[in-house]
Amino acid sequence: MKLDFPQRKIIHVDMDAFYASVEQMDNPALKGKPLAVGGAEKRGVVSAASYEARKFGVRSAMSGYLAKRNCPDLIFAPPRFERYKEISLKIRNIFFDYTDLVEPLSLDEAYLDVTTNKKGNPSASLIAEEIRQRIFNEVGLTASAGISINKFLAKVASDYNKPNGQKTVNPEEVISFLEELEIRKFYGVGKVTADKMYHLGIFSGKDLKQKSVEFLREHFGKSGDYYYHVVRGIHNSEVKPNRIPKSVGAERTFDENLSSEIFMLQRLENIATELEKRLKKSKISGKTVTLKIKYSDFTLQTRSKTLPYYIADKSLILETTKELLYQEKLENSVRLLGISLSNLNTEKNEPLEQKVLTVQLKFDL
């Protein structure tokens, strides 16, 4: 079927088990062994897992205790984010040899628009293959890639032949590919949304395509338009090399649950210090302070206050955070606290497709 909307040549590159692979590369004794990056203690959390560990059901965001129970031979390595940033920069420099239209999503993945590229190569698939080979030769790690006419399809395709593989969805294959795609594999459809779709009789792209935009809006709100269009191969979002953050935040998970506001204030001061450093480094300030509280039963609560002026100073951030902390009685003991600043001074310059810039989750090890 011929598609009658703008088509680009987009590559989504996704590093394979990035944090864990870096640890295995730097320490050959870890190669081939089940490895988790994160904390092994009772309150530790897995940031990343090697493919050897994933066979046992170990995955990111899982508690270290549960990961160890699933895989008794699991080895834990503390995260080294500076090292991951260093490697990520090397990989990004390879991307720039092909195009300046590079949009990083995180340290381990990025979109590249190679519709017009520095190599003059008309084949996005061959470019992706060359990039993956260079990453392996020059960095020592493997990457997977998805190639198609837009960011949505490229993102979905990059997950197909992991690890160390790639998949291309050509223009003439888009509609059939999407119709056969399981709904849980649609980028932007999480577990909760997938379950909701299942209850509505939507199990595949073909099922989704049969629903009207009015039906999807009724059940999924603003996201209804997104689902209606992507299942038809329409996703016009451009690759944006300079994505400006919508909010900046820092958070911390604790070894032991906190039940006293006094202890929480000590932790919040450390978090505010970390947030201030990030704000000043990026020359960003904001008006809205949000306190994030995750309780011991994993329920999440946020409290926000908008000021009439921009702030980036630790003392002002902490003063507002204290006010939010005492705003109402805590529901339970607390396992995580976070502070974020939004309504930023950057937003007036970038009204489109912004993202949250959060300091990597830190652990009390």
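D108 lies in the loop between β5 (102–106) and β6 (109–113). Helices (H or I, at least four residues) and strands (E, at least two) are DSSP runs, numbered from the N terminus. The model is predicted: local features need pLDDT of at least 70 and side-chain atom pairs count only at pLDDT 80 or more, while totals for chains, interfaces and linings use all residues. Residues are numbered from 1 along each chain as its sequence is written, and side-chain values use heavy atoms, with hydrogens and water left out.

UniProt, in an unreviewed entry, lists D14 and D108 under "binding site". UniProt positions are given here in the numbering of this model, with shortened feature names, and such annotations may be inferred rather than shown by experiment. The two residues are spread over 95 residues of sequence yet cluster in space, the largest C-alpha distance being 6.0 Å. From this set, D108 is part of the lining of the largest cavity. A cavity is a set of points, on a 1 Å grid over the protein atoms alone, where a 1.4 Å probe fits but cannot get out; lining residues have an atom within 4 Å of a point.

D108 counts as partly exposed because its relative accessibility is 22%. The classes are buried for under 20% relative accessible area, exposed for over 50%, and partly exposed in between, with a 1.4 Å probe and protein chains only. Once neighbours within four places in sequence are set aside, D108 is in contact with V13, D14, M15 and F18, where contact means heavy atoms within 4.5 Å.

The other listed residue, D14, is found in strand β1 (residues 10–15). With a relative accessible area of 14%, D14 is buried. Its contacts, apart from neighbours within four places in sequence, are D108, E109, A143, S144, S158 and K162.

E109, one of those contacts of D14, carries its own annotation: the unreviewed UniProt entry lists E109 under "active site". E109 lies in strand β6 and is buried, with a relative accessible area of 16%. Beyond neighbours within four places in sequence, E109 touches H12, V13, D14, P104 and K155.

The peptide bond from K162 to P163 is cis, with omega near -5°. P163 is found in the loop between α6 (151–157) and β8 (166–168), and N164 has its place in the loop between α6 and β8 as well. N164 is a residue other than glycine with a positive phi, near 60°. At 45% relative accessibility, N164 counts as partly exposed.

A61 is found in the loop between α2 (51–54) and α3 (64–70) and is exposed, with a relative accessible area of 66%.

The chain is assigned domain 1 (18–80), domain 2 (179–238) and domain 3 (247–344), with bounds that come from an automatic or database domain assignment. The C-alpha centres of domain 2 and domain 3 lie 35 Å apart. G188 sits in the loop between α7 (174–180) and α8 (191–199). G188 is partly exposed, at 49% relative accessibility. From C-alpha to C-alpha, G188 and G165 are 22 Å apart in space, and in sequence 23 residues apart.

The last stop is helix α13 (residues 314–325), whose 12 residues should span 16 Å at 1.5 Å a residue; its end C-alpha atoms are 16 Å apart, which agrees. The expected span of a helix is 1.5 Å times one less than its number of residues. Which residues of α13 are buried? They are I317, L318, T320, T321, L324 and L325. These residues cover an arc of only 165° around the axis, so they are on the same side of α13. The arc is that of the directions from the helix axis to the C-beta atoms. What covers the buried residues of α13 includes α12 (261–282), β10 (286–295), β11 (300–311) and β12 (334–344).

Key
1 Å grid on protein atoms, 1.4 Å probe; cavity = no way out; pocket = protein on both sides within 12 Å on 5 of 7 lines; lining within 4 Å.
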